[in-house]
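These are my notebook entries on a structure that I had not examined before. I set down each term as I came to need it.

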Amino acid sequence: MSRRETDPKTVTVTIDDKVCQGVFGETILEIARANGLYIPTMCYLTKVMPIASCRMCVVEVEGVEGMILSCQERAVDGAVVHTQNEDLYRERQNIMRLYGVNHPLECGVCDKSGECDLQNKTLEFDVDQQPFAAKEQHRPVQDWGFVSYDPSLCIMCEKCVSVSNEITGNEALQIKAGGYKSTIVNTKMDLSDMSLGESAAVCPVGALVATDFKYSSNAWELEKIPASCSHCSAACQLCYEVKNEKIYRVTNAYEFASLCGRGRFDFDFANEGVQKNQEAFEGAVEAFRGADTVIFSSGISNEEALVLQKLKEKLGFRLVNHEAYAYQQFMRAYSTVSGVHLYSGMLADIADARAIIVLGTRIYDDNPQVYYHLNMASKRHRARMIYMHPMEDSRLQNSVTQFVKYEVGTEDGVAALLAHTLLTEAELPASVREVLDDLDIGNLSAESNVGEEELADIAMAFHKKQQRSLVVGADLYAHPKAVQIAKLLALLERYAGFSVMLVPPSTNTLGVALICDLDEAAEGTTVGYNAKADFVLSSSGEGDLDMPALNQQEGTFSSLDKQVVPTHVALPYHGFVLNDLANALGLQEAHTIDYTAALPAAQGYAGIPFDALPDHYDMTGEPHRGYALQVQSIESKPEIEEIEELDGYDGVVVYRCDSQEVLAAQIRPSGHKETHAILKGSEQFATAAKLRDGEVVEFMIDGIGVKRVFRIDTSMKGTVALMPQFDMGLSAPLLSSYRFSRLKFQRVES
């Protein structure tokens with residue numbers, strides 16, 4: 001007998017004469033779907049709370065009078081449920097007739113035709129005529145930037161509103177009630193919010209559609225290419241929808257999973273029109289043979305990372321990726337305390353948490369998918385969320401319960417204060433307990449600006465909370481005291497029951513850190529792969545030899561959920577690839593994906609061939625994408641050092657971070673694009689730096705010259721300015737320092 005059958009929380013129900021088992025608390029609809037039984041719905045969406053607006057999911061339960069909504073009714077042990085009979089069919093048919101009241105018959109030109117729930121269920125329930133109608137309302141189409149809204153097509157299922165509130169957290173969409181005149185309103189029209197694409201994705205009809213996709217293609221003409229998003233380390237599931245060697249749109253398994261705005265709209269980055277340039281290829285081969293260092297970005301596949309590692313072993317050059325090196329060293333220090341080579345946390349843990357700390361990241365910008373799961377925890381469980389950062393972020397105000405502002409550079413002191421606060425009752429090694437007990441809390445509190453009352457509030461927020469999460473971000477990995485910070489935070493995972501996620505900063509930073517033996521600094525003659533160097537391989541067309549973009553490759557990424565997920569070729573590429581160079585330099589594999597099964601088992605990779613990797617969701621929403629990295633045990637030495645004097649930053653400071661608003665400006669629907677980057681700061685920053693709005697300044701970061709237009713943002717506070725780096729191109733991978741920098745600038749004459 002299985003564990004499920006003997007679990008006291010198991011309930012048994014009979015649905016349409018089939019005995020089904022589920023878990024106590026599951027709804028009738030959930031149990032039916034898990035057992036392969038169909039109950040029609042229009043408003044139900046697995047990833048949000050039941051909406052219960054459509055009534056299509058009605059069922060009958062023996063002993064219960066009337067019809068009940070299976071989407072929200074919890075299953076009772078022993079219940080006998082009927083989902084299909086003449087009365088239920090007639091009820092659903094009438095509902096479909098109501099949906100059809102004056103719904104415009106625009107199927108021939110509607111973007112949703114061919115994949116429309118209303119269209120499908122109108123046929124399913126044999127609604128071939130409309131016996132009544134209502135007076136038509138004047139409902140003009142509205143342009144909301146990335147998406148357009150046609151109220152005349154809207155069936156008020158409320159899916160878009162639920163997603164806006166429960167998932168993306170933009171809380172832009174609301175219902176304007178008015179009977180037949182009811183409509184959806186966008187309360188944040190001042191923002192061109194690309195996260196509205198998630199609301200458009202779940203629309204069952206053609207009411208909400210991507211503005212740039214409108215009237216461009218029929219759904220059935222497009223070929224779906226399964227892939228993984230390459231814009232951040234979440235590596236979300238998506239499909240490139242292609243026709244005539246052009247990507248028309250991006251879709252995803254919206255019923256179960258979510259996709260951020262950049263993943264949905266920023267798909268036009270292929271390196272097109274490339275042919276094989278033999279002279280450039282031979283130059284690349286010679287450059288590799290003569291290279292002292294190969295510098296590369298984390299925007300590559302696991303297989304390409306392994307190719308570079310094998311070339312390093314064969315040719316003896318240094319292998320440099322500053323971002324991945326910092327992350328690799330942080331993880332190694334973390335492992336010496338945690339006892340395993342990977343962090344414990346996953347996105348599902350964050351969404352299910354009751355108390356959360358977010359430390360060292362402007363998470364809304366750094367990783368939208370992590371933010372979505374933080375928002376889920378807030379909305380579903382009223383989770384206590386402590387956001388700790390030198391800069392307040394007003395976009396999080398509806399999720400964060402406590403903002404703790406610390407001084408730039410004092411993260412080691414902040415980590416020590418957290419460990420001291422949250423490990424008071426933990427059974428720690430004597431040496432660790434001695435260091436924590438000897439901390440000068442008053443001094444650390446004063447230097448970091450984290451008040452003792454704030455620490456007491458944090459302790460109270462986590463008191464008796466079992467589901468605890470800690471989200472750690474990119475601010476910490478290149479911090480001068482990163483090793484000490486990593487060890488202090490690892491104590492919370494090992495001794496305080498925290499689920500900890502060390503968010504990888506870029507697409508495949510985790511994979512690179514696991515696969516490559518990285519060096520700290522470059523020396524001598526350099527070759528760059530999507531990085532500035534003496535000889536450059538580039539997928540952006542800027543280098544000496546062209547390479548394919550990530551939507552022109554097949555391979556795998558190692559996601560922040562510690563999954564090895566596949567991606568496939570969406571657009572053709574006719575030039576040389578890294579594997580061609582590898583073979584010319586002595587390696588012997590016909591295709592890049594031949595390296596998939598050779599990824600290092602010592603780092604948790606399973607040795608599964610690329611073509612054997614699954615990539616789908618089942619009907620209950622369970623993902624089957626690639627495989628999970630196997631956690632490897634590490635010899636642990638839970639030791640920490642005494643905290644030295646904190647290095648706070650005086651004066652004005654810049655913070656390197658690409659905001660979602662800036663990225664949205666780059667991919668905004670045609671005619672609205674912005675191409676310049678700005679340095680954005682508060683009025684207080686402007687006064688301290690003696691800058692006027694509109695002035696052009698130049699400054700250096702890690703030896704790289706940066707030129708920016710300064711703009712005052714009245715919503716910002718303090719003396720830290722935001723500096724986007726999306727326009728730094730091949731220079732961005734050369735950045736190696738802590739994300740905050742003291743600003744020493746020169747004005748540029750206009």
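The model is predicted, and I used local features only at pLDDT of at least 70 and side-chain atom pairs only at pLDDT 80 or more, whereas totals for chains, interfaces and linings use all residues. Residues are numbered from 1 along each chain as its sequence is written, and side-chain values use heavy atoms, with hydrogens and water left out.

Entry: Tyr240

I looked up Tyr240 and found it in strand β12. Is Tyr240 buried or exposed? I noted that buried means under 20% relative accessible area, exposed over 50%, and partly exposed in between (1.4 Å probe, protein chains only). Tyr240, at 3% relative accessibility, is buried. I then listed its contacts (heavy atoms within 4.5 Å). Neighbours within four places in sequence set aside, Tyr240 touches residues including Glu223, Ile225, Arg249, Phe267, Phe269, Asn551 and Ala570. I also checked Tyr44, which is 196 residues from Tyr240 along the chain; the two C-alpha atoms are separated by 25 Å.

Entry: the protein as a whole

I counted 22 helices and 35 strands in the protein. The C-alpha trace spans about 80 × 65 × 60 Å along its principal axes. I compared the radius of gyration, taken over C-alpha atoms, with the globule rule of 2.2 Å times the number of residues to the power 0.38. For 750 residues a compact globule would have a value near 27 Å, and the protein agrees with its 27 Å. Of the 750 residues, 57% count as buried. Among contacts between residues at least 6 apart in sequence, 73% join residues at least 24 apart.

For the surface I used accessible areas from the Shrake-Rupley method with a 1.4 Å probe; for residues, only the protein chains shown count as cover. The protein exposes about 31,700 Å², of which carbon and sulfur atoms supply 47%.

Entry: salt bridges

I recorded that side chains of opposite charge can pair when their charged atoms come close. A salt bridge is a side-chain nitrogen of Lys or Arg within 4 Å of a carboxyl oxygen of Asp or Glu. How many salt bridges does a search of the whole structure find? It finds 32.

I looked at Glu115 and Arg249, whose closest N and O atoms are 2.9 Å apart in a salt bridge. Glu115 lies in the loop between α3 (86-99) and α4 (117-124) and Arg249 in strand β13 (residues 246-251), so the pair ties together parts that are 134 residues apart in sequence. Glu115 is partly exposed at 26% relative accessible area, whereas Arg249 is buried at 13%.

A salt bridge also joins Glu221 and Lys243, at 3.1 Å from N to O. Because Glu221 is in the loop between β10 (208-210) and β11 (223-228) and Lys243 is in strand β12 (residues 237-243), this pair ties together parts 22 residues apart in sequence. I found Glu221 partly exposed at 38% and Lys243 buried at 17%.

Arg433 and Asp437 form a salt bridge of 3.6 Å, N to O. Both lie in helix α15 (residues 430-437), four residues apart, about one turn of the helix. I noted that an α-helix has 3.6 residues a turn, so residues three or four places apart point the same way.

I also found a network of salt bridges that links Arg362, Asp365, Asp393, Arg395 and Glu661.

Entry: helix α21

Helix α21 (residues 660-667) is mostly covered, with six of its eight residues buried. These are Gln660, Val662, Leu663, Ala664, Ala665 and Ile667. Their cover includes α7 (261-265), α12 (363-366) and α13 (368-381).

Entry: loop residues

I located Thr410 in the loop between β18 (402-404) and α14 (411-422). Thr410 is buried at 0% relative accessibility. Beyond its neighbours within four places in sequence, Thr410 has contacts that include Glu447, His479 and Asp647.

I then turned to backbone angles, where most residues other than glycine have a negative phi. Asp16 has a positive phi, near 50°, and sits in the loop between β1 (10-15) and β2 (18-23). Glu245 also has a positive phi, near 60°, and its loop runs between β12 and β13. Asp16 is partly exposed at 29%, and Glu245 is exposed at 56%.

Methods
Helices (H or I, at least four residues) and strands (E, at least two) are DSSP runs, numbered from the N terminus.
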